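Here is a short briefing on one helix and on the aromatic rings. Keep the viewer open as you read.

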Amino acid sequence: MCQHELNPSHFEENKEEITHSNLQWNQYRESIQGMKFFDPHVHMTSRTTDDYQAMADAGIVALIEPAFWLGQPRTGVASFKDYFSSLVGWERFRSSQFGIKHYCTIGLNSREANNEALAEQVMEVLPLFIYKEGVVGVGEIGFDDQTPAEEKYYRLQLELAKEANLPVQIHTPHRDKKQGTERSMAIALEHGLDPGMVIIDHNNEETVKSVLDQGFWAAFTIYPFTKMGNERMVEVVRQYGPERIMVNSAADWGISDPLAVPKTAALMKMKGISDEAIRLVTYQNALDAFGKSGQIFEEEFGGEIDQSQKFNGNTILRGGQQPRIDKDSLFIS
Ligand SMILES: [Zn+2]
């Protein structure tokens, strides 16, 4: 997340070919038929209802939406409050209307930690949100430019997570990634966090070994053009095995792919990775890691869809549209 880059959402400098984006739905649909997926990092606030529908159709049954930077800086604490409220409220409702269980992590992102006057106010409201239903961690927090202010609020939020006994979702910087990742882990350990409660995100081949060796969870973002392409991801799982590794899309307002998790699963399947390993890295490990919040109940996944429901009087339907109501998987329109 660098101000000087063209598109600073989750992008880093290195270019690579799109792989999973070239895969057509009909090419991989069959290979993952019946599989279910958990995307533990996706910013649905920035996505459309079409995305929700496509994700549900591809087998995504649950997701985690980390609090993040919205593309332009917020100017007051009220904007943060409304955003956090939407993550535990409206967005969770919207997701439920497509049969996807929505969780979130709440935190002050690294970029906006650099506005210290505002950061102080955000720190004051965080405890009002992290204990709410569906909040499965403090995140995404960590380093962007690796400034002193970022370090200060990273440390404060680690303490907050420790006190609340919540997992931590750590965004690692795009520049100086290796060093930034090591620094993030060292600080977490210094604060006495159990590495089993810490998910280090946006890994690559350079960082993964150290993250796993130190007992942390290693998350990988599959993003068109940048970070990990999913062919590289297949090789990482081949080399390190599926333990404590998880795949996410980190789809947001930039060029990204909310179907990155099922597409990666399909590619893994095509490349001979076992079904059990695929299940671990695209579903179970995320559930186990963030499940330590005590907020995730697998039996609640895949509930019935009733689009006639309302949230504070509001619905996802527009005038004249008929709700989709699933009863015993029957499609009633
Ligand atoms: Zn993110």
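Buried means under 20% relative accessible area, exposed over 50%, and partly exposed in between (1.4 Å probe, protein chains only). Helices (H or I, at least four residues) and strands (E, at least two) are DSSP runs, numbered from the N terminus. This is a predicted model: local features need pLDDT of at least 70, side-chain atom pairs count only at pLDDT 80 or more, and totals for chains, interfaces and linings use all residues. Residues are numbered from 1 along each chain as its sequence is written, and side-chain values use heavy atoms, leaving out hydrogens and water.

**Helix H2**

- Helix H2 spans residues 49-57, and its buried residues are Asp51, Tyr52 and Met55.
- These residues lie on the same side of H2, because they cover an arc of only 100° around the axis (taken from the directions from the helix axis to the C-beta atoms).
- They pack against strand S2 (60-66), helix H4 (90-96) and strand S3 (101-106); contact means heavy atoms within 4.5 Å.
- Just after H2, Gly59 has a positive phi of about 105°.

**Aromatic rings**

- There are 14 aromatic pairs in the structure. Rings of Phe, Tyr and Trp (its six-membered ring) pair if their centres lie within 6.5 Å; planes under 30 degrees apart are stacked, over 60 edge-to-face, the rest tilted.
- Tyr283 and Phe301 pair edge-to-face, at 6.3 Å centre to centre and 90° between the planes.
- Tyr283 is buried at 1% relative accessible area, and Phe301 is buried at 11%.
- Phe38, Tyr103, Tyr283 and Phe301 make up one aromatic cluster.
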